[in-house]
Amino acid sequence: MERQVLLAAVSYHIWLPGQRLWATPASPASPPFPPAMALVSINELPENILLEVFTHAPARQLLRCRLVCSLWRDLIDLMTLWKRKCLREGFINEDWDQPVADWKVFYFLCSLRRNLLRNPCAEEDLTSWQIDSNGGDKWKVESLPGDHGTDFPDSKVKKYFVTSFGLCLKSQLVDLKAEGYWEDLLDTFRPEIEVKDWFAARADCGCTYHIRVQLVSENYIVLASFEPPPVTIDQWNNAEWTEVSHTFSDYPSGVRHILFQHGGKDTQFWAGWYGPRVTNSSIIITPKMTRDRGPLHGSA
Amino acid sequence: MQTMPSIKLQCSNGEIFGVDTMLEDLGMDDEGDNDPVPLPNVKAAIFKKVIQWCTHHKHDPPPPTDDENKEKWTDDIPVWDQEFLKVDQGILFELILAANYLDIKGLLDVTCKTVVNMIKGKSEEICKSFNIKIDFTEEEEVQVCKENQWCEEK
């Protein structure tokens with residue numbers, strides 16, 4: 001039987017229009033080819049293809065697309081879509097095997113995740129900090145390691161805030177809604193809130209360090225609190241930097257703000273800045289959720 | 001390497017293409033006979049465009065596999081591809097299908113991103129541009145709007 005001769009480069013051979021059957025030597029009884037799809041509308045694409053398109057769309061745009069039609073709404077609510085998006089963004093890798101209650105929420109928590117405290121390392125002087133108490137010679141910013149001080153474990157941190165012989169306290173109030181954490185997210189999923197701070201004394205002087213972190217409601221009612229007793233460090237200490245950390249989990253619903261306050265003073269009433277040094281404070285909302293997903297979101 | 005053997009690919013309407021190919025993953029073995037590989041899901045006109053894209057991109061470096069370089073946004077489509085994809089929606093969708101069927105990731109990415117860039121404006125406008133029928137009942141529409149309220153608030 002004759003075989004079709006082909007050119008070496010990209011080429012084609014046109015058969016008569018309408019001719020479907022093609023007798024090849026190898027397949028004596030070739031079936032007619034099924035008609036290729038003639039597409040009119042995007043919704044005629046196979047669902048997994050439409051899902052592939054959606055994985056390329058930014059998250060908020062996708063949520064707005066739920067309003068287009070019921071097919072789009074149902075596809076956008078599929079957990080597999082959001083898991084794929086997490087993979088695409090590098091929030092998880094292929095070996096991820098931990099259970100996730102809701103991949104859509106997990107995606108948003110990963111994309112929102114960052115330090116919610118501003119100017120944590122004194123790079124912008126005292127900007128963004130409210131000064132609640134400015135005793136003695138008041139708050140000051142100095143560079144690491146400082147007199148009678150030690151290096152900070154993370155070389156990216158260059159500066160710290162230092163307190164004086166009268167009580168110095170500073171704070172920030174984080175507005176969670178303004179930071180992108182909507183009410184349903186916090187109340188239904190209650191993601192864990194990790195708080196950290198670092199402090200150190202001067203080797204040549206004793207001091208006390210205070211910290212207080214509170215989760216508060218819209219009306220500033222305290223719903224959860226972390227306020228350990230003040231830490232006292234004696235004179236002739238090793239001036240090492242100490243990390244303080246606390247994780248809020250399974251807190252009540254209604255959290256809308258986080259109040260972070262810290263500071264202290266020296267114990268020997270010396271003029272100048274001999275009180276505790278603080279830096280690298282952070283409040284980070286992790287993607288780890290306290291509870292299973294609530295009723296408002298779609299099925300897996 | 002010696003000259004690449006022509007691989008014959010037969011599209012849905014019977015047209016046969018010979019390609020000195022970079023489409024290696026068609027499950028071919030070297031000693032295969034010269035029978036054309038059927039591609040019943042791909043029309044000739046679409047396949048021509050696929051070949052055109054592959055030929056233009058054949059010297060592209062392989063995509064990065066590490067997390068650092070994962071593309072996030074849809075505004076990074078190369079200019080040549082943008083021009084290449086200025087086609088009717090129907091053709092664009094068929095290119096997506098072909099890229100998926102032929103497992104050509106680069107083409108699939110760029111065609112999907114092109115569609116995403118066309119999804120603009122309010123839902124009514126989107127329905128119009130894609131010829132989608134709005135099929136929500138009144139209650140469903142209220143429900144979806146309510147569920148979406150928080151993301152309008154920013």
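A residue is called buried when its relative accessible area is under 20%, exposed when it is over 50%, and partly exposed in between, with a 1.4 Å probe and protein chains only. The model shown is predicted, so that local features need pLDDT of at least 70 and side-chain atom pairs count only at pLDDT 80 or more, while totals for chains, interfaces and linings use all residues. Residues are numbered from 1 along each chain as its sequence is written, chains are lettered from A and ligands numbered from 1 in the order in which they are written, and side-chain values use heavy atoms, with hydrogens and water left out.

View 1. Helices are DSSP runs of H or I with at least four residues and strands are runs of E with at least two, numbered from the N terminus. Rings of Phe, Tyr and Trp (its six-membered ring) pair if their centres lie within 6.5 Å, and planes under 30 degrees apart count as stacked, over 60 as edge-to-face and the rest as tilted. Over all chains, a search of the whole structure finds 19 aromatic pairs. One of these joins A:Trp103 to A:Phe106 in an edge-to-face arrangement, with 5.2 Å from centre to centre and 65° between the planes. Because A:Trp103 and A:Phe106 are three residues apart in helix H5 of chain A, about one helical turn separates them, and both A:Trp103 and A:Phe106 are buried. A:Tyr107 and A:Phe108 also form an edge-to-face pair, at 5.9 Å centre to centre and 85° between the planes. A:Tyr107 counts as buried because its relative accessibility is 4%, and A:Phe108 counts as buried because its relative accessibility is 4%. Ring pairs link A:Tyr107 and A:Phe108 with A:Trp82, A:Phe91 and A:Trp182 into a cluster.

**View 2. An open sheet in chain A.** Two strands pair if DSSP finds at least two bridges between them. Five strands of chain A form an open sheet in the order E3-E4-E12-E6-E10, with antiparallel pairing. Its edge strands, each pairing on one side only, are E3 (140-143) and E10 (242-248) of chain A. E3(A) pairs with E4(A), residues 159-162, over four bridges, and A:Ser143 has A:Lys159 as its bridge partner in E4(A). Two bridges pair E4(A) with E12(A), where the bridge partner of A:Val162 is A:Arg277. E6 (residues 191-200) and E12 (residues 277-289) of chain A are joined by eight bridges, and the partner of A:Val195 in E12(A) is A:Ile283.

View 3. Within H5 (residues 123-130) of chain B, the residues B:Ser123, B:Ile126, B:Cys127 and B:Phe130 are buried. They lie on the same side of H5(B) because they cover an arc of only 100° around the axis, the arc being that of the directions from the helix axis to the C-beta atoms. Contact means heavy atoms within 4.5 Å, and what covers these buried residues includes helix H3 (70-76) of chain A together with H3 (89-101) and H4 (105-118) of chain B. Just after H5(B), B:Asn131 takes a positive phi of about 60°.

**View 4. Helix H3 of chain B.** Among the buried residues of H3(B) are B:Leu92, B:Phe93, B:Leu95 and B:Ile96. The buried residues of H3(B) pack against helix H1 (47-55) of chain A together with H1 (44-56), H4 and H5 of chain B. Just after H3(B), B:Asp103 takes a positive phi of about 55°.
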